[in-house]
Amino acid sequence: MALIGMRDVSIRFGGPTILEGVHFFLEPGERVCLVGRNGMGKTTLMKLLAGELQPDSGEVVRQRGLRVARLEQEVPEGLSGTVLEVVTSGLGAVRGGLTAYHQASLRVESGEASALQSLAEAHEALDRLDGWGDQQRVSEILSQMSLPADRPFADLSGGLKRRVLLARALVTAPDLLLLDEPTNHLDLEAIQWLETFLKPETGGRGYGGTLFFVSHDRLFLDRLATRILELDRGRLTDWPGDYAAYRRRKETALEVETAQQALFDKRLALEESWIRQGIQARRTRNEGRVRALERLRRERRARREQTGTVRLQLATGDLSGKVVVEARQVTYCHDGVPLIRDFSTLIQRGDKVGVIGANGVGKTTLLRLLLGELTPDQGTIRLGTRLEVAYFDQLRAQLDEGKTVIESVGGGRQEIVFNGKTRHIISYLQDFLFTPDRARSPVGILSGGERNRLLLAALFLKPSNVLVMDEPTNDLDVETLELLEALLVDYAGTVLLVSHDRTFLNHVATCTLVFEAEGRVGEYVGGYDDWLAVAPQAVKKGPDVVAVAVLSKGEGRVRERKKRLSFKEQQELTALPGQIGAMEEEQETLHRTVADPAFYRRGADEIVATTTRLEQLERSLALAYERWQQLEELAGER
């Protein structure tokens, strides 16, 4: 029997319908992922499931007594108290007993004599409330998620706040857990723990209830989802199977939809032409055909076109010097504790450098050191020449919520200069899917995905040859992520990239800096998977011993980085056999044409064009085979 579902649910907020005739049900134990572009209404659908919104029509059907918990996409304002108080805030009367028990336990540990009486009273209160199961669950989750129970919630970083809110959702032991972008601001260790916790059959104890989640983390999604629901233009489509199967079927469905719409538009155009043929046609026209035309017109007006694709382009700056940053034996301390110890690296023009580490370990500090914004306590940092730096801020501190989108990007100008050409600011913002009305809206009402697109719009307007991106992938939909990946791969400058998106790192990074024990930062060839393949070996050998794939830490030495296939090169390698086959087929056809004696009785222009094309094909095939061999060799070296 289904836990929860929707029957013909529709809802709108003044504009186009957000959800239209949505119908689906969730079965116990399912792990269902809801996908769709930013702004399609995914959060709205989750709020309907949680009972926080009511539909305009249709109904949300729930089992009686169903316990539902939801992790919101953004941290709510106004939350106060300690981490423990926030985590237990959803446990009702038990909350006070748990807080009292925890505080009394700490006082006993500190040796306070009067604390024993308080502990006994808190013990009795938990007995009376039957709260020991809750107490054990709270303790386990706080421990598993490495949360400081006594720290004020307001003092935490954005990533830690998200973990606290996730813990608050988990401790209620819900039958249905709703997670809206659960991996945002989590570090890799926390993401891996969450995957194991939400999929307990992978080992250990975890959440065994029903999971409904929104995520743009492709690896997280692929490992967890047993079914995909897609929200597109108000309609919900059910795709059984995992994410890879969904992508294949979705591509086919879009091709079919495009073909069907083309046929429909052709038929409508013919009928419109017929109705305008003049007085003679109107005298003899079939009234049934006229009514059919009216139905076609209504259907065409009701059609909701697929949202356009983000068009990402970077304003290119002048080339930097070959050496971008050279660090030698750098140590940097905070309050006397080394965040970074004895770190050396050489970053050259064109490098794509990923940075991996736990939240709060010092990744942003490392970026600021490499950019010359901080001075090391020991060692030296030498910056290259002609550096033009553009910085993407994970906390979105560059955005003023009181300004409009246009003001945030154009600074009050109606026209901007992009790569030497003048463009109207509205036209430029439409490349990032901001309609004219949305472009005039204040930043404060934008969704998380829209804010990230706004930051990208402002960032890419600035000419640069060094691009620094601190968590750029949060809240972006999958299609925009893939476009951003391709853009960074093709970028002629240098990229410094902090990200917990493992797929993104795999596709972009040519080398990765990894925070290890005691302030050590290891440097590894490749992306996340390449580091993971050698990380156990490197850890086993100790922080000062370099594993096979770790780059040399020799002071001042220029090191050759092993070439690896980029995301674009991987796509090129996949496409080459088909392209070569098509050229060979054309070549064979032209050879048969030229071999026919009648060919030379044709016009001189056609003969010249055909023989010229044959020569071009021979050269193109030689280059294609050479390129194919190069890419195969590179792929074999990995």
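**View 1. Glu52 and its salt-bridge partner, Arg70.** In this predicted model, Glu52 is partly exposed, with a relative accessible area of 44%. Its partner in a salt bridge is Arg70, and the closest N and O atoms of the two are 2.8 Å apart. Glu52 sits in the loop between α1 (42-50) and β4, while Arg70 belongs to strand β5, 18 residues apart from Glu52. Arg70 itself is buried, because its relative accessible area of 15% is under 20%.

View 2. Glu59 lies in strand β4 (residues 57-62) and Arg7 in strand β1 (residues 4-12), so you are looking at distant parts of the chain, 52 residues apart. Both ends of the pair are partly exposed: Glu59 has a relative accessible area of 40%, and Arg7 comes to 36%.

View 3. The side chains of Arg502 and Glu195 form a salt bridge of 2.7 Å, N to O. Arg502 is in helix α18 (residues 502-508) and Glu195 in helix α7 (residues 188-198), so the pair ties together parts 307 residues apart in sequence. Relative accessibility is 0% for Arg502, which counts as buried, and 8% for Glu195, also buried. The structure as a whole holds 23 salt bridges.

**View 4. An open, mixed sheet.** Six strands line up in the order β5-β6-β7-β3-β8-β9, with mixed pairing. At the edges are β5 (68-71) and β9 (235-240), each pairing on one side only. On average, neighbouring strands are turned by 15 degrees against each other, direction ignored.

View 5. Strand β8 (residues 227-232) runs antiparallel to β9, and 6 bridges join the two. Look for Leu229 with its bridge partner Asp238, and for Ile228 with Trp239. The hairpin has 2 residues between its strands, and Arg233 in the turn has a positive phi of about 55 degrees.

**View 6. Helix α12 among its surroundings.** In α12 (residues 363-370), 6 of the 8 residues are buried, so the helix is largely enclosed by the rest of the structure. Among the buried residues are Lys363, Thr365 and Leu366. After the helix comes Gly372, with a positive phi near 80 degrees.

**View 7. Glu450 in helix α16.** Glu450 is found in α16 (residues 448-460) and is buried, at 11% relative accessible area. Leaving aside neighbours within four places in sequence, Glu450 is in contact with Phe434 and Arg438.

Notes:
Residues numbered from 1 in each chain as written. Predicted model: local features only at pLDDT ≥ 70, side-chain atom pairs only at ≥ 80, totals over all residues. Heavy atoms only, no water. Pairing = 2+ DSSP bridges. Helix = DSSP H or I, 4+ residues; strand = E, 2+ residues; numbered from the N terminus. Axes fitted to C-alpha atoms, helices over the stretch in contact; angles between N-to-C directions. Buried < 20%, exposed > 50% of the residue type's maximum accessible area, 1.4 Å probe, protein only. Contact = heavy atoms within 4.5 Å. Salt bridge = Lys/Arg side-chain N within 4 Å of Asp/Glu carboxyl O.
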